[in-house]
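Open your viewer and get the selection tool ready. Here is a short walk through the model, one stop at a time.

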Amino acid sequence: MNRREMLLTAGAGAAALLLPRALRADDKGPFTLPKLPYEYDALEPIIDKMTMMIHHDKHHQAYVDNLNKAVAGNAELAKLSIEELVAGAKKLDQKVRGPIINNGGGHLNHSFFWTIMAPKGQGGAPDGELAKAIEAYGGLEKLKADVLAKALGQFGSGWAWVEVADGGTLKVTNTPNQNNPWMDGKKAILGIDVWEHAYYLKYQNKRADYVKAWWDVANWKAIGDNFNKAKG
Ligand code: MN
């Protein structure tokens with residue numbers, strides 16, 4: 001399977017998610033942990049092996065387990081796909097909303113995150129339509145600076161995102177916890193996990209150093225695929 005094949009558009013709807021192949025839009029529970037598309041140490045030295053092992057095997061697994069617990073025994077939720085759960089999470093009944101936002105979001109966000117990274121030197125560079133959109137945004141250095149600002153501006157745990165609006169305009173945003181743009185009907189092509197569990201072992205409190213280094217493992221082929229599918 002090549003990286004291009006690993007991504008697919010989840011559906012034809014305006015808010016179609018961009019899900020990794022291992023996480024099909026129509027997947028229903030019980031959900032399972034997707035395999036990493038590379039070895040645990042493949043992102044060294046930017047992201048260390050121990051961080052990847054704990055992040056994938058423990059944190060992501062916990063989101064999957066807790067999502068399954070939240071869905072189990074609820075006939076209405078059990079009928080919903082991962083796409084429906086996440087896209088509709090904020091409209092769910094208050095009693096079940098929190099666990100679905102946190103764990104459905106956590107499962108989706110991490111499944112997405114693994115696919116937009118590649119070993120240093122193998123991620124290519126922005127090209128094609130994405131390169132043009134980045135130029136129109138103000139250039140790659142401005143995009144990186146704005147992502148850093150959003151990453152640092154996210155108090156506590158969360159994510160920094162590059163979203164794409166219909167027509168292909170890029171926008172840099174952030175969300176708290178495991179919230180994501182898809183919950184608000186938006187589409188992301190890139191997201192950086194800025195929870196401490198994503199970087200603390202190697203970077204300790206230096207979130208800025210992690211986010212600046214992260215670009216060395218950006219998988220521009222995958223991000224470009226995301227852009228082409230999302231721009232509408
Ligand atoms: Mn994480």
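Start by selecting Trp161, which stands opposite Gly191 in β5. This is a predicted model, where local features need pLDDT of at least 70 and side-chain atom pairs count only at pLDDT 80 or more, while totals for chains, interfaces and linings use all residues. Residues are numbered from 1 along each chain as its sequence is written, and side-chain values use heavy atoms, leaving out hydrogens and water.

Now show strands β3 (residues 158-164) and β5: they pair in the antiparallel sense over five bridges. Strands here are DSSP runs of E with at least two residues, helices are runs of H or I with at least four, and both are numbered from the N terminus; pairing takes at least two DSSP bridges between two strands.

Colour β5 (residues 188-193) next: six of its six residues are buried, so the strand is largely enclosed by the rest of the structure. Buried means under 20% relative accessible area, exposed over 50%, and partly exposed in between (1.4 Å probe, protein chains only).

Then pick the manganese ion, coordinated by His55 (NE2), His110 (NE2), Asp193 (OD) and His197 (NE2) at 1.9 to 2.1 Å. His55 lies in helix α2 and His110 in helix α5 (residues 94-115), so this pair ties together parts 55 residues apart in sequence. Donors are N, O and S atoms within 2.8 Å of the metal (3.2 Å for Na, K and Ca); water is not among the atoms, so sites may look incomplete. Both His55 and His110 are buried.

Finish at Met50, also found in helix α2: at 47% relative accessibility, Met50 counts as partly exposed.
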